[in-house]
Amino acid sequence: MTLSRIKAPYAVAAALATLAGGFVVGAESRYEQPYTQVPTVDYGQQSYQPTSPYSSYSSQQLPAYTPPVQPQTSPYQASGASVQPGAAMQVAQQQPLVQTQTPFTPAATSTYQLPNYQAPAPGSRVAMMQDDSAADLGEAVPAPQSVPPPAPTGADEALSPSNWQDYVQAPTGYGCETGNCNTGECCDYGGFGGPSGHTLCNTNCGRQWFFGVYGLYMTRDNPSYEKFAVLVDSPAAYPYYPSQSETILSTNNIQPDWQWGAEIRLGSTLGQPCGCNGGGMRPYAWEVVYWGLTEDDQQAIVTDGWADTDRIYSQINYTGLQYDRDGAAGGTYGNRPLNDYADYDMPINDPAVDTNNVRILGVRARNYFTAQNLELNFIRFPLAGCNTCDPCCPPRFTLNGICGMRYLNLDETLQYATMFTTVDGGGIPNGGEPTTFTGFRPDANNWFHDIDVDNNLFGFQFGSNMNWLLGSRWSAFCDTQMGIYGNRITSLQRVWGGGEVTWVGSTNEVRVRSRKTDVSFLGELRAGLGYQISCNCRLTAAYRVIGVTGVALAGEQIPGNWSSSEYVGIIDSNDSLVLHGIQWGAEWLY
């Protein structure tokens with residue numbers, strides 16, 4: 001007969017215990033609760049006291065426990081302490097027992113230090129009774145099997161939790177695998193001020209030199225608009241004011257083009273290495289930077305024939321200047337207002353009543369621009385991203401501080417040139433006068449207006465270099481500098497030709513040189529990507545933009561009139577300029 005649970009009165013329980021040879025059940029009162037602590041139980045002649053739950057197995061292999069075999073006088077197999085007379089009432093109050101088929105084998109991770117006694121896993125029920133088909137108590141309880149800990153994966157793997165650390169981590173043998181990195185052999189400067197993010201691989205922390213060579217391809221924003229000449233063809237009525245659509249020559253026709261350039265950087269680290277035993281990086285560096293752009297030369301030419309009904313008129317007023325074509329005062333041509341040879345007439349009058357016998361055969365606007373830059377910077381490693389005194393710090397992000405000095409030269413020249421001829425009353429060129437456009441030459445039928453402006457900025461700047469490692473070879477960087485500069489401006493204006501151009505009422509040539517000192521602001525941003533091709537060399541490509549305020553540009557220096565040299569010499573420095581373009585190159589550390 002197989003019973004799963006026992007329900008009996010107290011007397012029946014006592015009688016059954018007597019028939020079973022004096023053995024009754026001694027068990028926990030509540031099997032539903034997780035195992036926490038089992039009271040001391042007497043197994044034959046030896047007492048066992050379990051320890052707190054979930055302790056670890058002893059390193060010694062536990063022997064198998066074989067409970068003593070009791071005479072079987074009842075179909076119920078019981079285990080526990082023997083019951084003394086008068087304990088029948090206590091036995092009868094125990095909860096029903098659960099019959100199981102197989103002995104309980106505890107999990108390998110639930111381990112107890114005392115020998116022989118195997119504790120049940122938390123939340124399980126204790127097997128107290130078995131049916132007729134169950135194994136008897138003489139069978140041995142299987143010993144728990146220990147689970148070996150996972151094998152180490154190696155120091156190299158532990159030291160490289162992600163790819164971006166691979167090329168900044170010191171190799172085995174330099175102390176980093178044990179945590180002792182103060183060996184002087186594991187330096188990483190994260191991002192230099194010059195190369196901006198170049199990483200040293202496995203070099204000692206002595207003085208490090210860095211060098212960069214770059215190509216530049218940049219341009220500037222368009223200058224302020226200035227109108228030079230218009231082409232008018234028989235308007236319906238006079239006086240006539242030309243419309244914007246009739247403008248044939250302006251600064252829009254000589255907009256700046258892209259310019260090639262070059263850049264070099266050279267510097268080295270300095271300062272006392274910090275950290276234990278001087279194993280950290282040197283906290284400072286210096287660098288010298290030079291870059292320059294080739295001269296941008298833009299020009300536009302417009303020509304016209306004397307027999308056409310249309311006519312070129314200059315839009316720059318040269319009142320106050322005169323032109324003696326043959327250089328002989330009182331000669332054939334004498335001194336005439338320069339506006340006659342520019343054919344300046346505003347508003348435009350009817351040619352039938354106009355007394356000016358000059359016709360413009362061609363006009364030209366020409367612009368030159370170049371830039372030169374020189375810097376001396378001092379760098380602090382780093383402001384953020386890594387402990388400077390930790391020689392093995394693998395900085396994924398670094399931010400370095402920069403302060404220094406900069407000299408920037410912006411040189412611009414603007415020229416307006418005119419070629420003319422004179423005609424008789426019938427509009428036909430006079431004898432000896434050119435009938436077609438022959439080019440701009442320094443002869444009696446050509447005159448020129450040159451404006452040359454130099455901005456020389458010198459001052460203090462500060463900024464930062466940021467570098468972010470994107471992987472074991474790729475990095476992104478962003479460099480910024482800004483500063484306040486004193487701008488020493490020089491300007492030269494000259495009007496000249498094959499003859500003599502002078503001030504009205506004077507024999508002095510028209511040549512005005514002036515100087516001015518102003519305050520300028522400059523800001524620079526360079527952002528790009530770097531690719532590490534070796535421990536000591538990387539390639540870079542970046543976009544650069546430089547903005548400058550408080551500068552003088554040539555087009556802004558055209559005077560409204562030429563009443564005096566003092567007025568012409570006033571320099572307008574309220575303009576701004578933006579340079580932008582791409583930079584690419586290679587950087588080395590050694």
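Colleague: Hi! How many disulfides are there by the distance rule?
Modeller: The count is zero, taking a disulfide as a pair of cysteine sulfur atoms within 2.5 Å. This is a predicted model, where local features need pLDDT of at least 70, side-chain atom pairs count only at pLDDT 80 or more, and totals for chains, interfaces and linings use all residues. Residues are numbered from 1 along each chain as its sequence is written, and side-chain values use heavy atoms, leaving out hydrogens and water.

Colleague: Thanks! Is Cys537 buried or exposed?
Modeller: Cys537 is buried, because its relative accessibility is 8%. Buried means under 20% relative accessible area, exposed means over 50%, and partly exposed is in between (1.4 Å probe, protein chains only).

Colleague: And what about Cys478?
Modeller: Cys478 has 22% relative accessibility, so it counts as partly exposed.

Colleague: Switching topic, how many helices and strands does the chain have?
Modeller: There are five helices and 19 strands. These are DSSP runs, numbered from the N terminus: helices are H or I with at least four residues, strands E with at least two.

Colleague: Which residues touch the most other members of the largest nonpolar core?
Modeller: Phe228, Leu338, Tyr416 and Trp447 do, in a core of 36 residues. Such a core is a set of buried Ala, Val, Leu, Ile, Met, Phe, Trp, Tyr and Cys residues joined through side-chain atoms within 4.5 Å.

Colleague: Which strand gives the most to that core?
Modeller: Strand 12, residues 358–384, with four residues. Apart from this core lies another of 18 residues, including Val289 and Leu522.

Colleague: Last one: what share of the chain is buried?
Modeller: Buried residues make up 44% of its 590 residues.
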